[in-house]
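Visitor: I have a model open and would like to learn how to read it. Where do we start?

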Amino acid sequence: MLFESTSLSPQGRLEAIERLFEELVRREGSAPPEPGHVPLAVLETYGAWETPLRHRLEAALAGATDRRLRCRLRALERTLNALPAELMAALAAGPSDNWPSFYRALMLLHVQVSNTLPDIDPEEYAAELRRTVELAAAVSEHSPVRISAAGLFTLLLMQVELERQHPSRPPKRKRRRRH
């Protein structure tokens, strides 16, 4: 055994990183909430975040005459309506589950709001960002997954390992046709 050399496969590296990540982010002593239960602090934070956004969306829908803009506003509304289910799933998800889906949906919603409802003053935008961060923090505080600097570093290691195993391909250039 002393002179046996075994090499670690790329999949073995990824599995080791995933095990370490699960150890680091598991919140000890906290059980996931009952299905359908959302802590009061999360509900209050969600309400404070959603209410101004919903008002802006309704005002934009009422004043929109362009068909394309109305379609984008309806897509934004669908994303906003789907967020509570993502929030509840994140509150019940463990480290090996898809717990980041809520945070991805929240970021997607932020991008959609920025692209669809751009008419906002800087102070209002800063307040909106603060409410979004507070919502993410409230969900994180009450979920079974605790993210620390070590957990975040391990998550980034997983991302690097996955990128190394499955490198992104450069986009293909379209050929021009001669007429």
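**Reading the contacts and the core**

Guide: Start with one residue and its partners. Setting aside residues up to four places away in sequence, Glu161 touches Pro10, Arg13, Leu14 and Ile17. Keep in mind that this is a predicted model.

Visitor: Where does Glu161 sit, and in which helix?

Guide: Glu161 belongs to helix α6, which covers residues 149-165.

Visitor: Is Glu161 buried or exposed?

Guide: Read the relative accessible area. Buried means under 20%. Glu161 has 5%, so it counts as buried.

Visitor: How far apart are Glu161 and Gln11, in sequence and in space?

Guide: Compare the two separations. Glu161 and Gln11 are 150 residues apart in sequence. Their C-alpha atoms are 9.1 Å apart in space.

Visitor: Which residue forms a salt bridge with Glu161?

Guide: The general idea comes first. Side chains of opposite charge can pair when their charged atoms come close. Here the partner of Glu161 is Arg13, with the closest N and O atoms 3.3 Å apart. This pair links distant parts of the chain, Arg13 in helix α1 and Glu161 in helix α6, 148 residues apart.

Visitor: What is the relative accessible area of Arg13?

Guide: Arg13 is at 27%, so it is partly exposed.

Visitor: Which residues are linked with Arg13 in a network of salt bridges?

Guide: Glu161 and Arg164 are; the three residues are linked in a network.

Visitor: How many salt bridges does the structure hold?

Guide: Five. Take Arg54 next, which lies in helix α2. Arg54 forms a salt bridge with Glu50, and the closest N and O atoms are 2.8 Å apart.

Visitor: Why are Arg54 and Glu50 separated by about one helical turn?

Guide: Count along the helix. The two residues are four apart in helix α2, so about one helical turn separates them. Both Arg54 and Glu50 are buried.

Visitor: What is the accessible area of Arg54, and what does Arg54 touch?

Guide: Its relative accessible area is 18%. That is under the 20% cut-off, so Arg54 is buried. Beyond four places in sequence, Arg54 touches Glu77, Leu80 and Asn81.

Visitor: Which residue pairs with Glu128 in a salt bridge?

Guide: Arg56 does, with the closest N and O atoms 2.5 Å apart. Again the pair links distant parts of the chain: Glu128 is in helix α5 and Arg56 in helix α2, 72 residues apart. Glu128 is buried at 9%. Arg56 is buried too, at 15%.

Visitor: Now the core. Which residues of the largest nonpolar core touch the most other members?

Guide: Look for the members with the most partners. The core has 34 residues, and Trp49, Leu83, Leu87, Phe102, Leu135 and Val139 touch the most other members. At least two core residues come from each of α1 (10-25), α2 (40-63), α3 (67-92), α4 (101-116) and α5 (122-142). The most come from α3, which gives seven.

Visitor: What is Leu87 in contact with?

Guide: Leave aside neighbours within four places in sequence. Leu87 is then in contact with Val38, Val42, Tyr46, Phe102, Leu135 and Val139.

Visitor: Which residues of α4 are buried, and what covers them?

Guide: The buried residues of α4 are Ser101, Phe102, Tyr103, Ala105, Leu106, Leu109, Gln112, Val113 and Thr116. Their cover includes α2, α3 and α5.

Visitor: How many cavities of 30 Å³ or more are there?

Guide: One. The largest cavity has a volume of about 50 Å³. To read a cavity, ask what lines it. Here the lining is Trp49, Leu53, Leu106, Leu109, His110, Val113, Glu128 and Thr132. The elements giving two or more residues to this lining are α2, α4 and α5.

Visitor: Which element gives the largest share of that lining?

Guide: Helix α4, with four residues. Two lining residues, Leu106 and Leu109, can be found again among the buried residues of α4. Glu128, which pairs with Arg56, is also one of the lining residues.

Definitions and conventions:
Residues are numbered from 1 along each chain as its sequence is written. This is a predicted model: local features need pLDDT of at least 70, side-chain atom pairs count only at pLDDT 80 or more; totals for chains, interfaces and linings use all residues. Side-chain values use heavy atoms; hydrogens and water are left out. A nonpolar core is a set of buried Ala, Val, Leu, Ile, Met, Phe, Trp, Tyr and Cys residues joined through side-chain atoms within 4.5 Å. Buried means under 20% relative accessible area, exposed over 50%, partly exposed in between (1.4 Å probe, protein chains only). Contact means heavy atoms within 4.5 Å. A salt bridge is a side-chain nitrogen of Lys or Arg within 4 Å of a carboxyl oxygen of Asp or Glu. On a 1 Å grid over the protein atoms alone, a cavity is a set of points where a 1.4 Å probe fits but cannot get out, and a pocket is an open set with protein on both sides within 12 Å along at least five of seven lines; lining residues have an atom within 4 Å of a point. Grid points are joined across faces, edges and corners, and a volume is the space filled by probe spheres set on the points.
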